[in-house]
Amino acid sequence: RIQILFETSYQMADNTGADSAGASRGGFGRGGRSRGRGRGRGNRSGRGGGDSKEWFPCTKLGRLVKDSHIKRIEEIYLFSLPIKEAEIIDFFLGPKLKDEVLKVMPVQKQTRAGQRTRFKAFVAIGDSDGHIGLG
């Protein structure tokens with residue numbers, strides 16, 4: 001019974017099947033693993049894709065908000081609790097939020113191949129009712 005719960009299969013690099021990531025390179029190379037930051041970070045979905053309607057809280061504060069134990073956002077501010085999930089703000093202020101881009105600046109990094117240009121943006125967001133955020 002323990003063998004069934006923890007049973008895994010291991011493959012050697014030269015025994016990889018045709019469906020594995022490193023099959024065409026003999027099992028070496030990146031193999032689907034991300035190293036470093038590269039283009040994009042983590043498992044974020046870009047350009048508004050992957051918009052799931054259901055929110056599954058990750059923090060205790062998120063669970064309290066979803067279960068309606070915290071009724072207003074001011075209760076969070078009163079105790080200076082860190083808000084680590086954007087859905088908490090959406091829960092309280094969602095449709096009332098408006099944003100404005102204050103400034104966009106290009107920043108450059110010198111690389112061996114030339115210059116890498118990125119943009120830094122300053123954005124203000126608020127609900128016109130005393131709540132404001134800067135980022």
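Trainee: Why does Phe92 count as buried?

Mentor: Phe92 has a relative accessibility of 16%. Buried means under 20% relative accessible area, exposed means over 50%, and partly exposed lies in between (1.4 Å probe, protein chains only). Since 16% falls under 20%, Phe92 counts as buried. Before we go on, note that this is a predicted model, where local features need pLDDT of at least 70, side-chain atom pairs count only at pLDDT 80 or more, and totals for chains, interfaces and linings use all residues. Residues are numbered from 1 along each chain as its sequence is written, and side-chain values use heavy atoms, with hydrogens and water left out.

Trainee: Which residues of helix H4 are buried?

Mentor: In H4, residues 86-93, they are Ile88, Phe92 and Leu93. Helices (H or I, at least four residues) and strands (E, at least two) are DSSP runs, numbered from the N terminus.

Trainee: What makes us say that the buried residues of H4 line one face?

Mentor: Look down the axis of H4: the buried residues fall within an arc of 100°, so they line one face of the helix. The arc is that of the directions from the helix axis to the C-beta atoms. As a general point, an α-helix has 3.6 residues a turn, so residues three or four places apart point the same way.

Trainee: What do the buried residues of H4 pack against?

Mentor: They pack against helix H2 (60-66) and helix H3 (73-78). Contact here means heavy atoms within 4.5 Å.

Trainee: Why is the pair Phe91 and Phe92 called edge-to-face?

Mentor: A search of the whole structure finds 1 aromatic pair. The ring centres of Phe91 and Phe92 are 5.3 Å apart and the planes stand at 90°, so the pair is edge-to-face. Rings of Phe, Tyr and Trp (its six-membered ring) pair if their centres lie within 6.5 Å; planes under 30 degrees apart count as stacked, over 60 as edge-to-face and the rest as tilted. Phe91 itself is partly exposed, with a relative accessible area of 42%.

Trainee: How do you know that Lys66 and Glu54 meet in a salt bridge?

Mentor: Their side chains come to 3.0 Å, N to O. A salt bridge is a side-chain nitrogen of Lys or Arg within 4 Å of a carboxyl oxygen of Asp or Glu, so the pair of Lys66 and Glu54 qualifies. Lys66 lies in helix H2 and Glu54 in the loop between helix H1 (2-5) and H2, so the pair ties together parts that are 12 residues apart in sequence. Lys66 is partly exposed at 31% relative accessibility, and Glu54 is partly exposed at 45%.

Trainee: What makes Ser80 exposed?

Mentor: Its relative accessibility is 64%, which is over 50%, so Ser80 counts as exposed. Ser80 sits in the loop between H3 and H4.
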